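Please look over the model shown here before reading the notes that follow.

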Amino acid sequence: VKASSGSVTWQSPSNIALVKYWGKYGEQMPKNPSVSFTLNNCHTVTTLNYEPVENPFAKTTFEIFLDGNPAPEFREKIEGFFTRIEQYLPFIKNYKFSIETSNSFPHSSGIASSASGMSALALCLMTIEKGLQPDMADDFFKKKASFLARLGSGSASRSIGGPLIVWGTHAEIEGSSQLYGTPYPFEIHEVFKEYQDTILLVDKGEKQVSSTVGHGLMKNHAYAEARFTQANDNLEALKGIFKTGDLDAFIELVESEALTLHAMMMTSQPYFILMKPNTLEIINKIWEYRAQSGSKVSFTLDAGANVHVLYPKSEKENVLAFIAGELSQYCKDQEFIEDFAGKGAVQL
Ligand code: PMV
């Protein structure tokens with residue numbers, strides 16, 4: 001190992017799943033394949049400062065700052081991450097790290113920072129590794145960055161590239177892997193270019209159910225097997241939809257995925273309701289608006305109360321007016337974030 005100190009910075013986005021990952025096994029392997037739009041504006045910027053240590057400690061040593069302030073609340077998660085990845089990046093024990101991170105979206109907005117944060121950190125570590133192995137191929141760099149990000153948070157594996165990333169093996173999608181995310185390999189209709197996602201912040205509090213607990217709920221779940229089969233079928237159906245640009249079929253599939261994710265939580269033991277009354281108000285308003293206007297606006301949900309409003313770029317002006325006029329009243333502090341499907345992480 002060539003001892004040198006330095007600093008590396010990556011900006012990495014969050015992503016929103018269309019076919020949801022819910023249920024895992026082994027070392028962060030998904031029970032079903034998923035696909036997501038990589039976001040553009042919701043991102044984390046992480047600077048990793050590294051310095052060689054003379055006598056490596058038993059554990060990788062680091063300190064962590066959020067917006068310039070010590071952030072002990074992330075310590076346990078990052079420590080677990082380093083422990084998991086040590087076998088894949090043996091050099092990390094020979095360094096002392098200082099992690100400086102900040103998010104473009106408000107802290108505790110209910111937007112998961114784990115996908116953007118873990119992918120940004122994984123990319124910083126890969127840049128250090130590439131420094132030690134300068135002939136590393138670009139494709140290997142991206143796959144391993146995604147592989148490492150996955151070990152931090154499953155969905156983080158889908159934030160390296162964009163705008164559509166598949167994670168999890170699917171028989172009909174060549175190159176798909178349980179171990180890392182790969183760009184969706186087939187034709188994508190023009191209508192999905194820079195597909196819009198406006199995130200309505202219904203509830204900004206801490207997550208009621210951590211995703212670790214959530215994935216655990218799929219073990220011994222009465223409907224688990226049917227759900228995993230359905231996710232595979234939906235991913236296959238999306239192939240035709242992405243190709244033809246059939247937005248009616250897109251809407252039906254994506255909204256069903258969102259509601260199924262929540263149905264899984266409502267029917268697990270213990271059970272949870274992660275939607276809030278305002279989540280349902282928004283969904284009903286979207287359905288009303290669509291019926292009245294012929295708009296192709298739709299929604300999806302994460303494991304929380306916020307609503308992601310999805311629509312083609314050509315409808316931007318109208319849908320934003322609808323959101324500002326009729327939906328923002330259901331958001332905490334009337335707040336929403338405009339975003340769209342972007343290209344993935346960039347080194348700064
Ligand atoms: O990456 P995790 O373990 O936080 O799980 C994320 C799960 C969902 O956001 C609900 C769905 C998904 O595919 O991103």
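Which helices and strands do the buried residues of H6 pack against? They pack against S1, helix H4 (211–216), helix H5 (224–244), strand S11 (298–301) and strand S12 (307–311), where two residues are in contact if their C-beta atoms, placed from the backbone, lie within 7 Å. This is a predicted model, in which local features need pLDDT of at least 70, side-chain atom pairs count only at pLDDT 80 or more, and totals for chains, interfaces and linings use all residues. Residues are numbered from 1 along each chain as its sequence is written.

**Helix H6**
- Helix H6 covers residues 247–266, and its 20 residues reach 28 Å from the first C-alpha to the last, close to the 28 Å expected at 1.5 Å a residue (the expected span being 1.5 Å times one less than the number of residues).
- Among the buried residues of H6 are Leu247, Phe250, Ile251, Val254 and Glu257; a residue is buried if 20 or more other C-beta atoms lie within 10 Å of its own, exposed if 12 or fewer, and partly exposed in between, with C-beta atoms placed from the backbone.

**The chain as a whole**
- The chain has eight helices and 14 strands, which are DSSP runs (H or I, at least four residues, for helices; E, at least two, for strands) numbered from the N terminus.
- The radius of gyration, taken over C-alpha atoms, is 20 Å, which agrees with the value near 20 Å for a compact globule of 348 residues (the rule being 2.2 Å times the number of residues to the power 0.38).
- Buried residues account for 45% of the 348 residues in the chain, and of the contacts between residues at least 6 apart in sequence, 76% join residues at least 24 apart.

**Two domains**
- The chain is divided into domain 1 (6–188) and domain 2 (193–340), with bounds that come from an automatic or database domain assignment.
- The C-alpha centres of domain 1 and domain 2 lie 24 Å apart, and the contact takes 27 residues from domain 1 and 36 residues from domain 2.
- On the side of domain 1 that touches domain 2, strand S1 (6–19) and strand S4 (34–52) each supply at least two residues, and the largest share, six residues, comes from S4.

**The ligand**
- The ligand is surrounded by 14 residues, the closest being Ala17, Tyr21, Gly154, Ser155 and Ser211; a residue is near a molecule or strand if its C-beta atom, placed from the backbone, lies within 6 Å of it.
- Domain 1 (6–188) and domain 2 (193–340) each contribute at least three residues to the shell around the ligand.
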